[in-house]
Amino acid sequence: MVSLTLHPMKEIKIVVQGEHAKFITDLLDRVGATGYTIINNVSGKGQHGFHEGHLLFNDISSQVIVFTVVPEERVEPILAGLGPLFNKHSGAMFVTDVAVSRREHFVAK
Amino acid sequence: MVSLTLHPMKEIKIVVQGEHAKFITDLLDRVGATGYTIINNVSGKGQHGFHEGHLLFNDISSQVIVFTVVPEERVEPILAGLGPLFNKHSGAMFVTDVAVSRREHFVAK
Amino acid sequence: MVSLTLHPMKEIKIVVQGEHAKFITDLLDRVGATGYTIINNVSGKGQHGFHEGHLLFNDISSQVIVFTVVPEERVEPILAGLGPLFNKHSGAMFVTDVAVSRREHFVAK
């Protein structure tokens, strides 16, 4: 049976250059995210400096969106883990309140 | 004229294996969602058991995200309708508060 | 250093026919959005009238999702700027509360 109860969680979307997708998924595995979804080959434009100069196609470059849902206490480790990447490369992380029906699927054992 | 008033609605994202996309869109039609958007060929990883064993590509498999926006009272029928699918197959549903400008486009007649 | 503080912003998702993507990105540039991400070639279905009659593939047509994050005061100019498009063509705009770690990347200078 699928329960009709919804549980609060945090949705995280991380937008990075495609070449950094593995850094993100390795980080998510390490901090105990139980799953993620990757939207490939999205295009994006950032502010001056956002893509740090190696811009192609009139400031438009190929990116990926990595989407995951985690309990609130995992947000800070993910954000901290992004530090080394974001200090050197473009990218952004967005956190949204979300509700899920099957809480046990999002909590690492 | 497009009104500048924003109305609260619920955004629903459903992530399933591509082969189950039609199950989802049929369900959305049946419960009176007035539209949806499908992001095809996303890749995803779930926890052990989440993809029920027929895993390919190192636990990475092809999925779709079906995205819709509905009035709050449609959330439970959608969640209930997902039961038969989620009891047998992998997938997840996420509910987020969202605001829209043209409420009439999201309410079935 | 990446700060661990999260700042409230507004996430905007705009779904339009692919041919109108440039209208959207020009609008976002004009109102001072500092970046955006485009998910191409998504498919969608709208209610009767939503796609104004030139429907293909059983009411399914090719769309894009343009995703941006802005300070709250930018939401109304974006919504107002969509008026001329939404008065004639299909499309929808969704606004969600979101938090970001690097606020300065989302505020136009």
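Predicted model: local features only at pLDDT ≥ 70, side-chain atom pairs only at ≥ 80, totals over all residues.
H1(A) covers residues 21-31 and H2(A) covers residues 75-86; their axes come within 10 Å and cross at roughly 145°. The crossing of H1(A) with H2(A) is right-handed.

Chain A also meets chain B. The contact between them involves 21 residues of chain A and 23 residues of chain B. On the chain B side, the elements that each give two or more residues are listed below.

| Element of chain B | Residues |
|---|---|
| Strand S2 | 36-45 |
| Strand S3 | 60-70 |
| Helix H2 | 75-86 |
| Strand S4 | 92-100 |

Which element gives the most to the side of chain B that touches chain A? That element is H2(B), with six residues. By residue class, the side of chain B that touches chain A holds 13 nonpolar, eight polar and two charged residues.

The two chains are also joined by strand pairing. Strand S4 of chain A, residues 92-100, pairs with S4(B) in the antiparallel sense, over two bridges. Within S4(B), B:Val95 is the residue that stands opposite A:Ala99.

Note on methods. Residues numbered from 1 in each chain as written. Chains lettered and ligands numbered in written order. Axes fitted to C-alpha atoms, helices over the stretch in contact; angles between N-to-C directions. Helix = DSSP H or I, 4+ residues; strand = E, 2+ residues; numbered from the N terminus. Left-handed = near helix turned anticlockwise from the far one by under 90°. Contact = placed C-beta atoms within 7 Å. Nonpolar A, V, L, I, M, F, W, Y, C, P; charged D, E, K, R; others polar. Pairing = 2+ DSSP bridges.
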